[in-house]
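This report describes the fold and packing of one protein chain. The sequence and structure are shown first, and the findings follow.

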Amino acid sequence: MTGRRRLTPRPFSRAHVVPIASAAACTAVIASLLSGCGSLPGTDSGEKDPITVMTWAPEDTKATNMPGMPAMAQAYARWVNSRGGIRGHHLRVLTCNERNDSVYAAQCAQRAVDEGAVAVVGSYSQFGRSFMSPLEVKGVPFIGGYGASDEEFESPLSYPVNGGQASLLAGNGRQLAGDCKRVALVRPDTIQGDKMPSLLNSGLTSGHRHPAKDIKAPEDGTDYSSEVNRALDGVHADPAVYGTAKAGGKADGACVSASLGDHTDAFFDSFRRLQEDNLRVRVASVLGSVGQSLVNRMGGSAGPLEGADITGWYPVASDHRWDPMRKVITDFAFDDNRIDPADQGVQTTWIAYTVLRSLVEQLDDQGTEDITSHALQKALDRGDRAVDTGGLTPKLRWRDEDMLAVQDFPRIVNGTVTYQVVRDGELAAARQGFVNVTSTLERRPSDD
């Protein structure tokens, strides 16, 4: 598991800071944005104190990378600050490379505390135990993380905007239960991966299907031929019985779901190479492991993902509800190719910053000028009004009565997913609206 490595910490570079000053200082500000230098205090007369937040994610690692999340945070800050900030508060965004390592995750969190961040917003890390502790000590809320760690759904300082891996896998199981009699799950041989089978199986059993065959795989593999063959054997896809794919053989009711993060593409590349010697089976995954860019790279409608069942948290990327985010990316990302508007990390970051903005506006309406971590936490816990994300999620609140009764994930407030399918090489909605998998999660047996 990537997370089990312990790298020797190297000095961090200064965080990217994203201020926007007055029009007269535009040229200097653009230069500061590109160089990542500090904010320029006092450039706007009469402005309120800036708000400092942090967004972290792993970049340039051998496992899952999420560079679009900090890039989206920076673009959001440029957009907000070009409009005078959030109710007059300019937004200062710090970024940090979490490197898929627990030591760096803890250091990112400590830097957020040391540099006065009032919240960590829209970030990704598998190492919740490492990063939540420094935040909890100083009372810094963690708003809208990706949902890659259990602590995001346990800590009283965490305010998730989605149901994390739990809802995706339970939803994928329910989505597959409609057509699949036999399922194999290919997942990482990691601590987080160990939790995946019971989650997928909760969805399958709710549809009166047998549990999936559990296929463990290296998180950072490059050739998954062995795992492909074991998965096909697990769903009884025997070419001696059904014929090979080249000869038109198809095993009805046999399905393979793969969730390997950034290395899911390597699995399906091995799958495609072995397909002709085996036979065609239905494939599936979750958004985050599969996206439109991967579908395109693998041949679109002629590739192995055509017809795949894909489960996500949010509406399909082509939905008009994403138009405001797309405009911000177009106008303020400066052609930053790290930002893919169809990526769930980018989308989660947009939603998390939408939550932050709503909270600051609520506090301003109540006459609170000093936006502190404590003020944000109180506003989140009190939930005077629900946060409207423009239909990208149900309206969000984090009061005690909003928490769902999900074993092991008590902080989940949004137990919905979306069903998507690859049709003619494009990710499309397989079913309109959100699918609530709360009851499926609530009935899931413990992993213990």
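## Strand pairing

Two strands count as paired if DSSP finds at least two bridges between them. In this predicted model, strand S1 (residues 48–57) and strand S3 (residues 119–121) run parallel and are joined by 2 bridges. Within S3, Ala 119 is the bridge partner of Val 53.

Helix H13 (residues 344–365) packs on the sheet and touches S1, S2, S3 and strand S4 (142–143). The direction of H13 makes about 155° with that of S1.

## The open sheet

The strands described above belong to an open sheet of 5 strands, ordered S2-S1-S3-S4-S5 with parallel pairing. Strand S2 (89–97) and strand S5 (158–159) form its edges, each pairing on one side only.

## An enclosed helix

Helix H7 (residues 196–206) is largely enclosed by the rest of the structure, because 9 of its 11 residues are buried. The buried residues of H7 are Met 196, Pro 197, Ser 198, Leu 199, Leu 200, Asn 201, Ser 202, Gly 203 and Leu 204.

These buried residues pack against helix H5 (164–177), strand S6 (182–188), helix H6 (191–194), strand S7 (213–217) and helix H15 (438–442). After H7 comes His 208, which has a positive phi near 60°.

## The protein as a whole

The protein contains 15 helices and 13 strands. Of its 448 residues, 59% count as buried. The accessible surface comes to about 17800 Å², and carbon and sulfur atoms contribute 47% of that area.

Among contacts in the protein with a separation of 6 or more, 70% involve residues 24 or more positions apart.

How values were computed:
Residues numbered from 1 in each chain as written. Predicted model: local features only at pLDDT ≥ 70, side-chain atom pairs only at ≥ 80, totals over all residues. Heavy atoms only, no water. Helix = DSSP H or I, 4+ residues; strand = E, 2+ residues; numbered from the N terminus. Buried < 20%, exposed > 50% of the residue type's maximum accessible area, 1.4 Å probe, protein only. Contact = heavy atoms within 4.5 Å. Areas by Shrake-Rupley, 256 points an atom, 1.4 Å probe, with all protein chains shown as cover. Axes fitted to C-alpha atoms, helices over the stretch in contact; angles between N-to-C directions.
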